[in-house]
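This briefing is intended for a reader who is meeting the structure for the first time. Please look over the sequence and the model before turning to the points below.

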Amino acid sequence: MTGMTRAIPPGPERVEGRAKVTGTAPYAFEHPVTDPLYLHPLRATIARGRVTRIDTDAAERVDGVHTVLTHHNAATLNPVGDPELAVLQSDGIDYRGQLIGAVVAETPEIAAHAAGLVDVRYERLPHDSEFRDDAAIVYTPDADASPMLSPDLERGDVDAAFAEAAHTVDATYTTPPEHHNPLEPHAVIATWDEEGLTLHDSNQGSHLVRDLLAALVGIDKERVSVIAPHVGGAFGSKGMPHGHVALTVLAARRTAGRPVKCALSRTQMFELVGYRPPTRQRVRLGADPEGRLTATEHDSLEQTSRFKQYAEQSASASREMYASPNRRVTNRLAALDVPAPTWMRAPGEAPGMYALETAVDELAVRVGIDPIELRVRNEPEVAPVSGLPFSSRNLVACLRQGAERFGWHERDPRPGTRREGDWLVGTGVAAASFPTLFFPGSLATIHHESAGKYRVEIGAVDIGTGSRTALTQLAAEALEVPLENVELRLGSTEQPHASLAGGSTGTASWGSTVVEAARSFRTEHGSEPAEGVETTAGAADNPDIGKYAMHAYGAQFAEVRVHVDTGEVRVPRMLGVFAAGRIVNPRTAHSQFLGGMTMGLSTALHEHSVVDERFGHVVNHDLAGYHIAGNADVGSIEVSWVDEHDPHVNPVGAKGIGEIGIVGTAAAIGNAAYHATGVRVRDLPLTPEKFLY
Amino acid sequence: MKPFDYQRATDADSAIATVSRDPEARYIGGGTNLVDHMKLGVTQPGKLVDITRLPYDSVESLPDGRVRIGATVRNSDLAAEPVIRQRYPLLAQALLSGASGQLRNLATTGGNLLQRTRCPYFQDVTTPCNKREPGSGCSALEGWNRHHAVLGASERCVATHPSDMAVALAALDADVLVEGPDGQRTVPVTELHRLPGDEPEQDTVLRHGELVTAVELPPLPFAVRSRYRKVRDRASYAFALVSVAAAVEVSDGAITEARIAFGGLAHKPWRATAAERALHGAPATEETFRAAADAELAEAETLRDNEFKIPMTRNTLAAVLRELTQQEGS
Ligand SMILES: Cc1cc2nc3c(=O)[nH]c(=O)nc-3n(C[C@H](O)[C@H](O)[C@H](O)COP(=O)(O)OP(=O)(O)OC[C@H]3O[C@@H](n4cnc5c(N)ncnc54)[C@H](O)[C@@H]3O)c2cc1C
Ligand code: SF4
């Protein structure tokens, strides 16, 4: 696989890399604790109804069982606005797999065995778990209720423009539910002793977990500490604490100080820690004879759960992407008796840009022009809806540079005409965009140890992205000391408050915080500080927020082969070119983009949580059934970026790179598959049968 | 998961005696299937008898040209065995297309043959399944059945057998050597696995306590030109949607010998005798290949999610035969 040996760009190595590869970096479940107990969760096997009887006698009689928790004996929890955390508070069942109890025992095996002896009886109520467009379940989410939702957008007269357009596309695209499946399963160790509550938890924001859990159990948040020095991936599934954390805390309350350990299994993760909801998106594009958009409509239907709303905003990807005088963008939800969906890497943008960028490719075919040229013709001068100037927008540069590197100009646009052996070969392109966000409220402490050595503390969680390394670099740079002189401590509530690891904001939000704290430190203590002095500070508000439209951009290219006899799809080559502001560490950034693109490839070809509506569960709920791209599926992936200096986004100048890599990848692959075969598949994933005729 | 006893067998007779006596006892080979089932609660044996130290771990070429493969030979070792690679390339290919390197290092010949279906409802004790709990119903029949059978299924069960190795063995006319409390017997591999019928809980014709000791391959000289082609959702590490094992001999443009078996289509590795008949004596042309596939698939019945298996099988068989006969021609 020669493509994979491309040089890794320079940049400091991951500071914890050695600890990780030698197995000494502790993940949540691995923290040494004294005399722990193990928790095995009990889960509902019906999709809706209530528990009428739960007989725990046999389980309690098993040697080594410490406690069996159910809604009968669990402590009362305070409402904190998240129904997922209200575990064991009633006999009600809202979805299959819901937590209905736990066995706590001396070993995980005893707990698992005893869990199998708990006899549960239910009263079943009819449930509805079938995702579909049906007035009985579809509603418009209240956009006023959350800053994360965008209301319906209506500009101009889309219907009239569409009717008059020289070229049109009107197509419906579907994306399936997908589960995050981070390498490190969700795990927590809860210890509740005289000092308070300590959680070793695999999460994306220790302070957020602390605040929620403290409120939930009604203790002072100063008495709760949450520790997460290393997290093995999350992708949004650890963004909010899920029910198992509350369950483990409830258990720890009854063990007289003995730590309680809980590690979810893969199968449990298909029910308890969220997923990307399925979407059904209709895109209508109208264009003039030259391919300039006159009408853009994007209506998305997304699944949510009846017991807890989560609103994916896929259609919003079309709000500011291309110029179009007439525009309609709507997001609707279908509420079902299913587990709650949640953020998954590039929520909204990943499925939304799949639909939009496939439709744009379809339009290019209709107009008969190159899909890159079509995108260039539809570049907006200012952000189309807000009218704000872009802080920087280098989509065209990404497309042009990518075209050059990929050899795009040699491309014969006719579909289904290139064959190598038994494989039909095609190439495709798609654009990517992801908003540049900033989460306020983080603080960092700069502490001068001695002799120019500094300790920098910020409670941010490095979920495997390389934040620890990037923040160390930024601190060293701002303090004007060598990298080795900075020791960064993060991940824990022992350190100053930090925002969630999400929205691709780590480097922007925490990085700016560290930079500003370092500057404040120098202002306060000068360049020759005394031993032991420290400064804690945060980032000032950015006056440019609201004055500029801020997004990262990218261009995704793919070569796809489809087997003429079997329909198997292979992706021997991908290229991503990104414009994401300042790239703080090329080495780790390269890895982030690579990971995002690989996950995009996996989305395009494999990932699909299959729901059986009769039961309301995901049928293929393990890693043998739920396919994630393996090494053999990945060919050459080339990553590069354009130099972009954006003074407006934040003091670091970084736009965030955690998510943009997955955006547009599936569309590029689907477009290439169309180019290879002439078959336009509009439903992910691109499994072999879809190319068999 | 239920607590269980574990014994390491030192001789076959006592292992057979132990398991035969105790309805709750099971043999364990590599454990890559059985232990999963124990964790999932699909099976709850009270006792495991580990057979991996029994002297069944070698591959021997017998004087009569047959090859005997011991039941505990690991899948990785078997695939690397020179005699297999040279004389039965389809078997080596089938083995290497199965599971992952780590799993193949543990998986045994006997265990691979006797692995159970991957039907997700079978593996999930919270859903009805006739195979796991006779009489409870078949969740796959009207559920997610993309991976399920199109040949030889019943109303009671539409599961497929997941082994790649067994498909190659079926094409090769291998025999399975079995030892039980009443002595030895030989079962052709094509008769080892059952069709589900009214008793889907019975995967095979083996009786409780019978131990697979070896698999024997007939000489079959033309198998040097053979192929195992597996179509799957991922480039590696995925079960077959459809697979084809084939060995052919061509003389003067006509097919003189053909051995064909299909995987992913039935409750057992499916020896395609109708296809073989259609090929026999016919010219090695695309039409012949497709007619052979159609002959075999004439009785196929598809389910909600697996219609694609028909064209996929037909195309894959044609592709494999094309490749094998061209190879021969050149
Ligand atoms: C994730 C995953 C992916 C996989 N992918 C594939 C694939 O693509 N293709 C494929 O073919 N397989 C695949 N497999 C299955 C794998 O090949 C089997 O698990 C393996 O071959 C079983 O062999 P074992 O020795 O581990 O069997 P065990 O688990 O030890 O035993 C299986 C069964 O056979 C019985 N048994 C074992 N040996 C004997 C004997 N000598 N006599 C009588 N009874 C015996 C046991 O009692 C048990 O019932 C996959 C497995 C996993 C977990
Ligand atoms: S197909 Fe067979 S194994 Fe699967 S659910 Fe039906 S009876 Fe069970």
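The structure is a predicted model. Ligand 1 lies between chains A and B, and the protein covers 93% of the 970 Å² of accessible area that this ligand has on its own. A search of the whole structure finds 7 cavities of 30 Å³ or more.

**Surroundings of ligand 1**

- The shell around ligand 1 contains 34 residues, and those that come nearest are B:Tyr27, B:Gly31, B:Thr32, B:Thr108 and B:Asp164.
- B:Tyr27 also places a backbone N or O atom 2.5 Å from an oxygen atom of ligand 1.
- For B:Gly29, a backbone N or O atom is found 2.8 Å from an oxygen atom of ligand 1.
- A polar backbone atom of B:Ala238 is 3.5 Å from an oxygen atom of the ligand.
- Four elements of chain B each supply at least two residues of this shell: strand E2 (25–28), helix H2 (34–40), helix H7 (109–114) and strand E8 (211–217).
- H7(B) gives the most to the shell, with 4 residues.
- By class, the shell around ligand 1 holds 16 nonpolar, 13 polar and 5 charged residues.

**Surroundings of ligand 2**

- Ligand 2 is surrounded by 14 residues, of which the closest are B:Cys119, B:Cys129, B:Cys138, B:Cys157 and B:Val158.
- The shell around ligand 2 divides into 9 nonpolar, 3 polar and 2 charged residues.

**Domains of the two chains**

- In chain A, the domain assignment gives domain 1 (31–126 + 183–234 + 238–273), domain 2 (132–182 + 274–380) and domain 3 (444–537).
- The C-alpha centres of domain 2 and domain 3 of chain A are 40 Å apart.
- Chain B is divided into domain 1 (5–52) and domain 2 (226–329).
- The centres of these two domains of chain B, taken over C-alpha atoms, are separated by 36 Å.
- Domain 1 and domain 2 of chain B each contribute at least three residues to the shell around ligand 1.

**The largest cavity**

- The largest cavity holds about 120 Å³ of space.
- Its lining consists of 13 residues, and A:Pro339, A:Val611, A:Gly616, A:His617 and A:Val618 lie nearest its centre.
- Helix H7 (266–272) and strand E26 (617–618) of chain A are the elements that give two or more residues to this lining.
- The lining of the largest cavity comprises 7 nonpolar, 4 polar and 2 charged residues.
- Domain 1 and domain 2 of chain A both give residues to the lining, so the largest cavity lies between them.

**The second largest cavity**

- The second largest cavity has a volume of about 100 Å³.
- It is lined by 14 residues, of which A:Ala350, A:Pro351, A:Thr603, A:Ala666 and A:Leu684 lie nearest its centre.
- The elements of chain A that give two or more residues to this lining are helix H8 (349–367) and helix H14 (665–677).
- In the lining of the second largest cavity, 8 residues are nonpolar, 4 are polar and 2 are charged.

**The second largest pocket**

- About 300 Å³ of space lies in the second largest pocket.
- The pocket is lined by 21 residues, and the closest to its centre are A:Pro83, A:Ala86, A:Val87, A:Gln98 and A:Leu99.
- Strand E4 (92–93), strand E5 (99–105) and helix H6 (243–252) of chain A each provide at least two of the lining residues.
- The pocket lining is made up of 11 nonpolar, 7 polar and 3 charged residues.

**Side-chain contacts of A:Arg561**

- A:Arg561 belongs to strand E23 of chain A, which spans residues 551–563.
- The side chains of A:Arg561 and A:Glu420 are joined by a polar contact of 2.8 Å.
- With the side chain of A:Glu559, the side chain of A:Arg561 makes a polar contact of 3.3 Å.

Methods. Residues are numbered from 1 along each chain as its sequence is written. Chains are lettered from A and ligands numbered from 1 in the order in which they are written. This is a predicted model: local features need pLDDT of at least 70, side-chain atom pairs count only at pLDDT 80 or more; totals for chains, interfaces and linings use all residues. Side-chain values use heavy atoms; hydrogens and water are left out. A residue is near a molecule or strand if one of its heavy atoms lies within 4 Å of it. A polar contact is a pair of N or O atoms within 3.5 Å; within protein, one must be able to donate a hydrogen and the other to accept it, and residues adjacent in sequence count only if both atoms are side-chain atoms. Accessible areas come from the Shrake-Rupley method with a 1.4 Å probe; for residues, only the protein chains shown count as cover. Ala, Val, Leu, Ile, Met, Phe, Trp, Tyr, Cys and Pro count as nonpolar, Asp, Glu, Lys and Arg as charged, and the others, Gly among them, as polar. Domain bounds come from an automatic or database domain assignment. On a 1 Å grid over the protein atoms alone, a cavity is a set of points where a 1.4 Å probe fits but cannot get out, and a pocket is an open set with protein on both sides within 12 Å along at least five of seven lines; lining residues have an atom within 4 Å of a point. Grid points are joined across faces, edges and corners, and a volume is the space filled by probe spheres set on the points.
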